Every structure is written in C-alpha cells, then in structure tokens.
Amino acid sequence: WNEGGDVDDGRCNRPSGFDAHSALIAEKAAMPGATKKAVHEYLLHRCGGRRMPGYNAFTHYCRRHDIAFDGGGRPEPHPRYETPPGRQLQFDWKESLRMADAEGEVFEFNVFSATLGYSRLHRFVYSRTRTEDDVMACLLAVMAANGGTARTLVTDNMSSIVSSSASGRRVSARFARFAAAAGFELELARPRSPQTKGKVESSNRFLSRLAVYEGDFRGEEGLVAAIARIEARCNTEPSASTGVPPAVLFMREKEELRKVGNMGLLESMVADVSVQAVPPTMLV
C-alpha cells in the first residue's frame, strides 16, 4: 500500500450467489406489495435453501444493482405495551386478498391472523369468507394449535361480531356465549387506532410475503401451504421487539394459557358457511 502497489485481492469481483437469479429477483421486486424480505424468503424456498446467501448479502446485492421494491415504508412509531404470559391474544383479518395460481385461476380469500401478546407467536388461518362462524372456527383452530386460550382477546370493530350504533358498541350474543364457553374475555380496541392492537397489525408484514407467490402456486392447497410456510418461518425468526424467536418464548407462555375444556361444545356452536351465487335478476 505504501509503495503504491495493487492491494485488491479480487474478492470484490467475485460473482454473487444471486447472479443466477437476477431476472427472477427483478420480476418479483416489481410485484405490488413485494418487499426485500419477502423476495429473499421466496428465494430460500424455491432456489436453494441453505446454499442461498443471507438476507444482509441480499440487501447489499439489491443496492449495488439498483433493484427497487414496491413495498411500503416504515410505520409510524408508537409506545409499546407489554403483557405477561398468557394474558392477551390479538386477532384481526387480512381481508380481500386476490391471487392467481400457476394455471391462471383467481382466488379471492382472507387470512385470519392471531398474535399472542407475550411471545409474539403468530397464527394464520386461510378463510374464504369473514362471517361470525368463520371468526369462531378460526379461533378454534388457533386454540387447538396453541393448546389453550389467553385470558383476554383483543380485536377492533369486526362487523361480523360487533355492532356499532349511537349508543355504543355491542358484541353479538352468540359470540358472547362462545367466549364464555371458551373461557376468555373479549376486549374491543379503540376505534381508528390500530396501534392499540399493534402486535397483530405487525403480523401483516409477514403476510405481505404472499405477494411474491403470485402465479407460483397450484390450487387452494398450494395457497394454504404457502401461508403455513410463512407462519412457520416468522415464528422461528428473532422478533424485532424481543430479540428472541416467538417459538422460543411460546414454550414459556404455553404453560400460562387456559385450557379449553369442552372443545366438542365449542365446535357444535360453529355452523358451516355456505357460499351461494345469486343471479343478477334476484333481489337480496
């Protein structure tokens, strides 16, 4: 260096592990709602797994090649509210999603998302509709997966279970009976204040990873499998809030969840949802 010699060892000119997938990266980055993390997770799934370089290397590659992403910016910060293990679960809908599979068939669907307050463990449930029966069926699926229920469940003015009027908000009598039988209390978040249930709102950033699977799954089974994989991955990644993977903290929180006594009774309270196509000449 002092003598003015060449000190470049050639490492900066080595080919990147992403070079072979550059066209695919550019294609996925241009999709509406696609983020860097979503595209990197997609590459891990489809193109090599452990042989693929890490996320930091991927961000460096995208900056060096001027690859822009359509995903949104940073959310507005809010004070964090922590709860002890087993105290709270927040749930909401990621609604009115629309995706086409590899055959061009279009699926219109919703994803029920639920997040435990202490461990940040996420559960995602595929659903075609958002009726009261869908909400109860999805909660049953979450309780079965978690092995119990939190003491308090928090949601917003979900129209299928909450009616709003000038006199205030009221939970439907049927859902109130379901909550009593399951052993939890329902708490309604403040209107137009998504930060009051911010833990489940933050789960939407994981569901944004679905965007890069547009045209790359087969049938409803492939779509459900993609959602299940996203759930498994986000529960094993270290949380930005706790620094620990949610699956690790869940081992402690699981011990504090209330056991659901009569699952048969709860299942009998949920009816099947029938979807009918109504001719345009009929009045509904």
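Modeller: We will go through the terms one by one, starting with the model itself.

Modeller: This is a predicted model, where local features need pLDDT of at least 70, side-chain atom pairs count only at pLDDT 80 or more, and totals for chains, interfaces and linings use all residues. Residues are numbered from 1 along each chain as its sequence is written, and side-chain values use heavy atoms, with hydrogens and water left out.

Colleague: What makes up the secondary structure of the protein chain?

Modeller: There are 10 helices and seven strands. Both are DSSP runs, numbered from the N terminus: helices are H or I with at least four residues, strands are E with at least two.

Colleague: Why is F18 called buried?

Modeller: Buried means under 20% relative accessible area, exposed over 50%, and partly exposed in between, with a 1.4 Å probe and protein chains only. F18 has 0% relative accessibility, so F18 counts as buried. Y61 has a relative accessible area of 2%, so Y61 is buried too. Across the protein chain, buried residues make up 40% of the 284 residues.

Colleague: What makes F18 and Y61 an aromatic pair, and why is the pair called tilted?

Modeller: Rings of Phe, Tyr and Trp (its six-membered ring) pair if their centres lie within 6.5 Å; planes under 30 degrees apart are stacked, over 60 edge-to-face, and the rest tilted. The F18 and Y61 centres are 5.5 Å apart and the planes are at 45°, so the pair is tilted. F18 lies in the segment before α1 (22-29) and Y61 in helix α3 (residues 55-64), so the pair ties together parts 43 residues apart in sequence. Ring pairs also link F18, F58 and Y61 into a cluster.

Colleague: Why is the pair of F107 and F217 called tilted?

Modeller: The ring centres of F107 and F217 are 6.0 Å apart and the planes are at 50°, so this pair is tilted. F107 is in strand β2 (residues 106-116), and F217 is in the loop between α7 (204-207) and α8 (219-236), 110 residues apart. F107 has 10% relative accessibility, so F107 counts as buried. F217, at 4%, counts as buried as well. The whole structure has 10 aromatic pairs.

Colleague: How do you know that K37 lies over the face of Y55?

Modeller: A charge sits over a ring if NZ of Lys or CZ of Arg is within 6 Å of the ring centre and within 35 degrees of the ring normal. K37 lies over the face of Y55, at 4.8 Å from the ring centre. R123 lies over the face of F250, at 5.9 Å from the ring centre.
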